[in-house]
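Q: Could we go through a few local features of this model together?
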Amino acid sequence: MLRTLTRLLCGRRDSAQLDFGLADAAPKNADELLARLRGLGLTRLHRCKLTRNRNVMVSFGGDELRVHEGYLDAPEPVLRAIVTFVEGTTRAERRAAQRVIVAHPIRAARAPARRDRTHPDDVAVAEKLAAWHQRFNVRHFHGRLRHVPIRVSRRMKSRLGHYTAGTSGGESAEIAISRAHLRRHGWEETLHTLLHEMVHQWQDETSRTIDHGATFRAKAREVGIAPYARRVLATRPGRAEGSQTLGRRAARDG
């Protein structure tokens with residue numbers, strides 16, 4: 001019966017082209033996206049979560065894949081690139097996939113949330129961190145890094161610090177440092193975290209992938225810090241060894 005219907009609707013065209021468009025229908029949620037990606041060869045990961053992070057496009061850790069919701073309507077070559085980003089076995093292969101992923105235009109479903117501001121009681125600390133940013137810039141980066149705002153965050157409970165790239169909408173890059181980190185681990189380790197985030201800033205401003213890969217580790221050792229944070233504020237599910245993150249400002253000329 002299906003063959004008869006195919007002939008009636010499509011003449012002599014291959015019945016594989018019919019499929020009522022279901023094969024090309026855009027996934028509507030995380031489960032459908034995961035099913036589509038698994039159909040394209042994804043095997044390592046078994047869970048998928050949609051995000052609205054304006055900076056991070058694709059990341060994975062443990063058995064979970066996190067993808068910006070803007071990729072729900074991505075064409076098949078982009079979805080295949082996501083699979084390669086996870087499953088790729090060579091650096092060149094994954095670099096090529098990264099370029100395809102970040103080139104896909106993202107149409108945000110809602111305006112990004114406004115950034116938090118430094119609490120008035122923490123302004124002096126933020127200013128002190130900004131002064132150290134200038135010192136480190138001269139000492140380790142030949143003064144070539146841009147000035148970026150330094151924010152002290154009272155909401156960061158699981159991260160020591162975070163570098164956020166600027167956006168095409170005009171929002172500037174920034175470095176946020178956890179206030180809890182400073183209180184628990186002291187000033188010396190907080191400066192270590194600041195320098196860690198400055199290495200991410202260097203990656204961004206030199207058109208490198210913002211990650212913790214080989215380039216990051218080499219630069220971290222060059223400036224005299226450990227490639228990975230030694231302190232943990234809280235345990236987060238899915239943050240296992242081998243996790244990878246792909247940001248919007250990544251993989252352009254690598």
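Q: Where is Ser178 found?
A: Ser178 lies in strand β6, residues 174-178; strands (E, at least two residues) and helices (H or I, at least four) are DSSP runs numbered from the N terminus. The model is predicted, with local features needing pLDDT of at least 70, side-chain atom pairs counting only at pLDDT 80 or more, and totals for chains, interfaces and linings using all residues. Residues are numbered from 1 along each chain as its sequence is written, and side-chain values use heavy atoms, with hydrogens and water left out.

Q: Is Ser178 buried or exposed?
A: Ser178 counts as buried because its relative accessibility is 0% (buried is under 20% relative accessible area, exposed over 50%, partly exposed in between, with a 1.4 Å probe and protein chains only).

Q: And what does the side chain of Ser178 reach?
A: The Ser178 side chain reaches the backbone nitrogen of His181 at 3.1 Å.

Q: Turning to helices, at what angle do α3 and α4 pack?
A: Helix α3 (residues 76-87) and helix α4 (residues 91-103) pack at about 140°, and their axes are 8 Å apart. Axes are lines fitted to C-alpha atoms, for helices over the stretch in contact, and angles run from 0 to 180 degrees between N-to-C directions. The α3 helix is therefore oblique to α4 (under 35 degrees is roughly parallel, over 145 roughly antiparallel, 65 to 115 roughly perpendicular, and the rest oblique).

Q: Which residues of α3 meet α4?
A: Among them are Pro77, Val78 and Phe85 in α3, which meet α4 residues including Ala97 and Ile101; contact means heavy atoms within 4.5 Å.

Methods
Polar contact = N/O pair within 3.5 Å; in protein donor to acceptor, adjacent residues only side chain to side chain.
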